[in-house]
Amino acid sequence: MGGWRFGDPNGRRKWFSHTESFAGLPGFQLAYETWGTLNAEASNAVLVLHALTGDSHVAGGVEPGHPTPGWWNSLMGEGKPLDGSFVVAPNVLGGCQGSTGPWQYPEFPGITIRDQVAAEVHLADYLGIERWAAVLGGSMGGMRAVEWAVSRPERVKSLLVLATTAAASAEQIALASAQVHAIRADPVGGLGVARRIAHISYRSEQELQARFGRRKQEDGRFEVESYLDHHAAKLTGRFDAASYVTLTEAMNSHDVGRGRGGVQAALRRVTARTIVAGVDSDRLYPLAQQRELAAGIPGADELRVIESPYGHDAFLVESEQVGALVTELVPVRSGTR
Ligand SMILES: CC(=O)SCCNC(=O)CCNC(=O)[C@H](O)C(C)(C)COP(=O)(O)OP(=O)(O)OC[C@H]1O[C@@H](n2cnc3c(N)ncnc32)[C@H](O)[C@@H]1OP(=O)(O)O
Ligand SMILES: N[C@@H](CCO)C(=O)O
């Protein structure tokens, strides 16, 4: 395994590079960010895994190289839930914010959640982290977190998974495949259509109704239409369509039970103390999926339910409830940063 690390001249991003062939690639690099200091025992490392259109920028502002502000800013900083931890956040393999993806190789191979985790394992080795104090992730990040804990149980001391599943369901694959078709049919406008479809599924019917109802704007568009147009334009401006397809198909491949005797047998491998949480209004990753995870993982507490009108996106929006769950798993060691 080869590796090097250097700073992003425009920001805080670093890279790890693996130079042997891997998952159909000649090698790969992962962009990642860290916060805090690894202690002498390497016992305070926390891996934070982003969702589909997120990246390594867990905390911080909009900066060169970082088109969006930190997506879990509320967790980082003095006295906050991850204070005192050495936080590592890689941009996922196949992503478009610094890690190897279709933006680098036009003939990018199909990859799975397992490949993404295998790449992250090389990064952990490189950083000298034998065992994560905690692995945290929501949605696609939760898929990777579960895969870490199932495939490398000895390397995950505790686990927090939010709004995710042990295996992508027929409906999740169906919604995803409609998005992939939109992009393949129209490489220019398709990503915006995909984001519109996705964003509807990220929010709840009740929220959309209460917030927008049937109101129209002066330009004739329904307010909710304009809202989706806005999210479509924002994503199109910052995300690579081929990467979106690669990551979406990786999510469709997700089944922790594949080749492991099924989901239940796979979940029994997990040794981490685990908290599984879902969102009461999440129609994309319904609570039954998190109930399955909580029931199947031996060290899991009872399912925690985040109460929110915001649907699936609540794992990003409900910072107090998410922060409380992180604090339960990861003791705050204020002042050691
Ligand atoms: C784990 C990860 O890393 S995932 C990556 C997360 N980040 C993203 O995906 C960025 C895209 N944003 C989102 O997905 C969501 O906005 C979230 C989850 C981050 C935040 O959710 P919320 O705070 O509830 O934002 P909300 O959905 O209300 O959207 C607000 C935006 O819609 C705009 N908006 C609201 N109503 C309308 C309307 N009728 N017409 C046009 N625009 C509208 C607001 O002006 C605001 O714009 P801005 O984001 O450019 O400032
Ligand atoms: N808003 C999130 C939801 C997907 O989990 C994203 O774009 O990644």
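Colleague: Before we start, what makes a residue buried here?

Modeller: A residue is buried if 20 or more other C-beta atoms lie within 10 Å of its own. Keep in mind that this is a predicted model.

Colleague: OK, so is Asp313 buried or exposed?

Modeller: Asp313 is buried, because 23 other C-beta atoms lie within 10 Å.

Colleague: Where does Asp313 sit in the fold, and what is it in contact with?

Modeller: Asp313 is in the loop between strand 8 (304-306) and helix 10. Leaving aside neighbours within four places in sequence, Asp313 is in contact with Tyr202 and Arg203.

Colleague: Which residues does the "binding site" annotation cover?

Modeller: In the unreviewed UniProt entry, "binding site" covers Arg195 and Asp313. They span 119 residues in sequence, but no two of their C-alpha atoms are more than 13.4 Å apart, so they gather at one spot.

Colleague: Tell me about Arg195. Which helix is it in, and is it buried or exposed?

Modeller: Arg195 lies in helix 4, residues 190-202. Arg195 counts as buried because it has 24 C-beta neighbours inside 10 Å. Apart from neighbours within four places in sequence, its contacts are His231, Ala232 and Leu235.

Colleague: Switching topic: which residues does the "active site" annotation cover?

Modeller: Ser139, Asp282 and His312, again according to the unreviewed UniProt entry. They are spread over 174 residues of sequence, yet they cluster in space, with a largest C-alpha distance of 11.0 Å.

Colleague: Where are Ser139 and Asp282?

Modeller: Both are in loops. Ser139 is in the one between strand 5 (134-138) and helix 2 (140-151), and Asp282 is in the one between strand 7 (273-279) and helix 9 (287-296).

Colleague: How many C-beta neighbours do they have inside 10 Å?

Modeller: Ser139 has 27 other C-beta atoms within 10 Å, so it is buried. Asp282 counts as buried too, with 27 C-beta neighbours inside 10 Å.

Colleague: And what do they touch, skipping residues up to four places away in sequence?

Modeller: The contacts of Ser139 include Ala163, Tyr285, His312 and Phe315. Asp282 touches Ala163, Gly311, His312 and Ala314.

Colleague: On to the ligands. Which residues are around ligand 2?

Modeller: Ala51, Leu52, Thr53, Gly54, Ser139, Tyr202 and Asp313. That shell divides into three nonpolar, three polar and one charged.

Colleague: What about ligand 1, which residues come nearest?

Modeller: Ala51, Gly54, Trp71, Ser226 and His230, out of 17 residues around ligand 1. Helix 6 (223-238) and helix 10 (314-317) are the elements that give two or more residues to that shell. The largest share, five residues, comes from helix 6.

Colleague: How does the shell around ligand 1 divide into nonpolar, polar and charged?

Modeller: Six nonpolar, eight polar and three charged.

Colleague: Where does ligand 1 lie relative to the domains?

Modeller: Ligand 1 lies between domain 1 (14-167 + 249-329) and domain 2 (171-244), because both give residues to its shell.

Colleague: And how many residues of each domain are in contact with the other?

Modeller: 21 residues of domain 1 are in contact with 16 residues of domain 2. On the domain 1 side, the residues divide into nine nonpolar, nine polar and three charged. Taken over C-alpha atoms, the centres of the two domains are separated by 24 Å.

Conventions:
Residues numbered from 1 in each chain as written. Chains lettered and ligands numbered in written order. Predicted model: local features only at pLDDT ≥ 70, side-chain atom pairs only at ≥ 80, totals over all residues. UniProt positions renumbered as here; feature names shortened; annotations may be inferred. Helix = DSSP H or I, 4+ residues; strand = E, 2+ residues; numbered from the N terminus. Buried ≥ 20, exposed ≤ 12 C-beta atoms within 10 Å, placed from the backbone. Contact = placed C-beta atoms within 7 Å. Near = placed C-beta within 6 Å. Nonpolar A, V, L, I, M, F, W, Y, C, P; charged D, E, K, R; others polar. Domains from an automatic or database assignment.
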